[in-house]
Amino acid sequence: MKLEVVSYGAGNCHKYGSQILYRAVKFAEKYDLDCVPEVLWHTITLEMAKQNAEMLVLAAVEKNKVVGHLLCRIINNDGTLICLITQLAIDKKYRDGREDTMIEGMDAVGQFAAAWNCQRIRCWARDEKTAKLFERFGFKPKDYVLMDRPLEVEDG
């Protein structure tokens with residue numbers, strides 16, 4: 001398995017871009033993320049086309065098929081730049097024995113964050129297994145829980 005940055009500049013956007021876009025939308029739907037699929041699709045497409053993109057798009061590729069992806073973006077939090085990993089997914093049959101790919105991916109995220117002068121890298125771990133994986137790369141749990149309440153709008 002190889003890891004590639006997907007962008008027009010890398011020359012592989014036509015080769016892997018549609019697979020990444022499909023995977024990103026499916027990921028968002030699976031985890032009920034607050035996004036409109038068309039907006040997510042459009043945002044990722046625009047970021048892949050930028051010279052100085054604020055989003056890093058990584059593809060884990062096996063025999064020209066994307067079997068994993070990672071998306072992270074730069075967030076300005078009151079003047080503090082943070083690199084936020086928004087999606088990380090690797091197909092089940094490709095997860096075991098792929099520590100080298102994870103190390104390479106986290107190195108790429110670190111280089112991307114450093115190029116933007118970020119103070120930290122953050123991520124969401126949606127389950128204990130994912131949290132343990134990120135802990136192996138130096139991430140520490142925070143003392144808060146993401147909570148959500150839908151806003152009910154009255155008709156009329």
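Where is Asp-78 found? Asp-78 sits in the loop between β3 and β4, and this briefing walks you from the overall fold to that loop and a few other spots. The model is predicted, so local features need pLDDT of at least 70 and side-chain atom pairs count only at pLDDT 80 or more, while totals for chains, interfaces and linings use all residues. Residues are numbered from 1 along each chain as its sequence is written, and side-chain values use heavy atoms, with hydrogens and water left out.

**Overall fold**

- The protein chain has four helices and five strands; helices (H or I, at least four residues) and strands (E, at least two) are DSSP runs, numbered from the N terminus.
- Along the sequence, the order of these elements is β-α-α-β-β-β-α-β-α.
- Taken along the principal axes, the C-alpha atoms fill a box of roughly 55 × 35 × 35 Å.
- Among contacts with a separation of 6 or more, 59% join residues 24 or more positions apart; contact means heavy atoms within 4.5 Å.

**Surface and charge**

- Of the 156 residues, 35% count as buried; buried means under 20% relative accessible area, exposed over 50%, and partly exposed in between (1.4 Å probe, protein chains only).
- The accessible surface comes to about 10,500 Å², and carbon and sulfur atoms hold 51% of it.
- The protein chain carries 22 positive and 23 negative side chains, with the centres of the two sets 7 Å apart; Lys and Arg count as positive and Asp and Glu as negative, leaving out His and the chain ends.

**Nonpolar cores**

- In soluble globular proteins, nonpolar side chains tend to be buried together.
- The largest nonpolar core has 22 residues, and those with the most contacts inside it include Leu-70, Ile-85 and Phe-112; such a core is a set of buried Ala, Val, Leu, Ile, Met, Phe, Trp, Tyr and Cys residues joined through side-chain atoms within 4.5 Å.
- Two or more residues of this core come from each of β2 (55-62), β3 (65-77), β4 (80-90) and α3 (99-115), with α3 giving the most, six residues.
- Another core, of 17 residues, lies apart from it and has Tyr-16, Ile-20, Val-66 and Leu-71 among its members.

**Loops with a positive phi**

- Most residues other than glycine have a negative phi.
- Asn-64, in the loop between β2 and β3, has a positive phi of about 65 degrees although it is not a glycine, and Asn-64 is partly exposed at 47% relative accessible area.
- Asp-78 also has a positive phi, near 55 degrees, and is exposed, with a relative accessible area of 77%.

**Two more residues to look at**

- Ser-7 lies in the loop between β1 (2-5) and α1 (13-30) and counts as buried at 16% relative accessibility.
- Beyond its neighbours within four places in sequence, Ser-7 is in contact with Asn-12, Cys-13 and Met-48.
- Lys-65, in strand β3, is partly exposed at 45% relative accessible area.
- Lys-65 and Gln-19 are 46 residues apart in sequence, yet their C-alpha atoms are 8.0 Å apart in space.

Definitions and conventions: Areas by Shrake-Rupley, 256 points an atom, 1.4 Å probe, with all protein chains shown as cover. Charge placed at Lys NZ, Arg CZ, Asp CG, Glu CD.
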